[in-house]
Amino acid sequence: AAAALVVVAVSAVTAPARAEQFYASQVVSTVVGAQQQSGFKDPNLALGGPRGGGTSTNSLHAYSLGNGGSITLGFGDGSPSERTISDGPGADFIVSENSFYDGEDPHRAFAELMWVEVSSDGANFARFPAYSGTPQAVPAYGTLDPAQISQFAGVRPVLANIETEPETDPFDAAAAGGDAFELSALRCDPLVVGGQVDLGQIRYVRLVDVIGDGSSLDAAGRPVFDPTGFGIGGADVDALTVINGAHAPEPTAALPLAGLALARLARRRR
């Protein structure tokens, strides 16, 4: 009975709180790629809510990765507890870049691609299996067809803007734009199967610019193409929006509750 009470006490305080929604709040690390764009070198521009430019223009509120560069983002808020992304219903998070359409044509996007990777411990990262059907090299300032691309970030325009579009819910994947990701797509990843990455507790997201000259391969082994050439500074990151998140209580809170449960049981036995 005592053991049962302890289990109840511990589980009551370590279980995740109700689902929460929030934005990336920490820059854990960066790797600066080639031709990083001047004026977009502050990684803190990737924090907070999206400031999208819509379908006809690119946002200027973004961090440039540079060709082959990366940024790793976290969700700490300064409290003793931790924020994480969890595998919930529907889309779990959104990556906002600054893509826009050529002449409002949804099949012609000025887009720069990113691999998306997630981690529970900051050491083991599982990469979303991404696919590209772009058949040939894309010149600098060329366009991509979003219909031919899956599980890359940086593809679709960002419609949500916390400053100028308050009526657009940035946590609604259908309305906010950007590229939404479901953690369930990683259930067969070797790191998930092996337990190194816990889809119920994702603490870090790493975004990696794709070298789009065909030297990188997608999950089907096909070459990946995106705009390449002089003046192209790689993908840009505006925001990372968490739809299915958790704010877990401080783990040490379990110990006082467990002790209280045992004390009450002891008094009953006297």
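This is a short tour of a predicted model, stop by stop, with what to select at each. Local features are taken at pLDDT of at least 70 and side-chain atom pairs at pLDDT 80 or more, while totals for chains, interfaces and linings use all residues. Residues are numbered from 1 along each chain as its sequence is written, and side-chain values use heavy atoms, with hydrogens and water left out.

**Stop 1: Asn44**

Select Asn44, in the loop between β2 (26-31) and β3 (63-64). Strands here are DSSP runs of E with at least two residues, helices are runs of H or I with at least four, and both are numbered from the N terminus. Asn44 is partly exposed, at a relative accessible area of 48%; buried means under 20%, exposed over 50%, and partly exposed in between, with a 1.4 Å probe and protein chains only.

**Stop 2: salt bridges**

The whole structure has eight salt bridges, each a side-chain nitrogen of Lys or Arg within 4 Å of a carboxyl oxygen of Asp or Glu.

Select Glu82 and Arg203, whose closest N and O atoms are 2.8 Å apart in a salt bridge. This pair links distant parts of the chain, 121 residues apart: Glu82 is in strand β5 (residues 82-85) and Arg203 in the loop between α3 (190-193) and β14 (204-209). Glu82 is partly exposed, with a relative accessible area of 39%.

Next, select Asp179 and Arg156, a salt bridge with its closest N and O atoms 3.2 Å apart. Asp179 lies in strand β13 (residues 179-181) and Arg156 in the loop between β12 (149-150) and α2 (173-176), so the bridge ties together parts 23 residues apart in sequence. Asp179 is buried at 4%, whereas Arg156 is partly exposed at 33%.

Then take Asp218 and Arg222, which meet in a salt bridge at 3.0 Å, N to O. Here Asp218 is buried at 6% relative accessibility and Arg222 is partly exposed at 37%.

**Stop 3: the largest pocket**

Which residues are closest to the centre of the largest pocket? Select Asn58, Asn98, Glu112, Tyr141 and Asp236, which are the closest of the 19 lining residues. The volume of this pocket is about 370 Å³, counted as the space filled by probe spheres set on grid points joined across faces, edges and corners. A pocket is an open set of points on a 1 Å grid over the protein atoms alone, where a 1.4 Å probe fits, with protein on both sides within 12 Å along at least five of seven lines; lining residues have an atom within 4 Å of a point. The lining divides into eight nonpolar, eight polar and three charged residues. Nonpolar covers Ala, Val, Leu, Ile, Met, Phe, Trp, Tyr, Cys and Pro, charged covers Asp, Glu, Lys and Arg, and the others, Gly among them, are polar.
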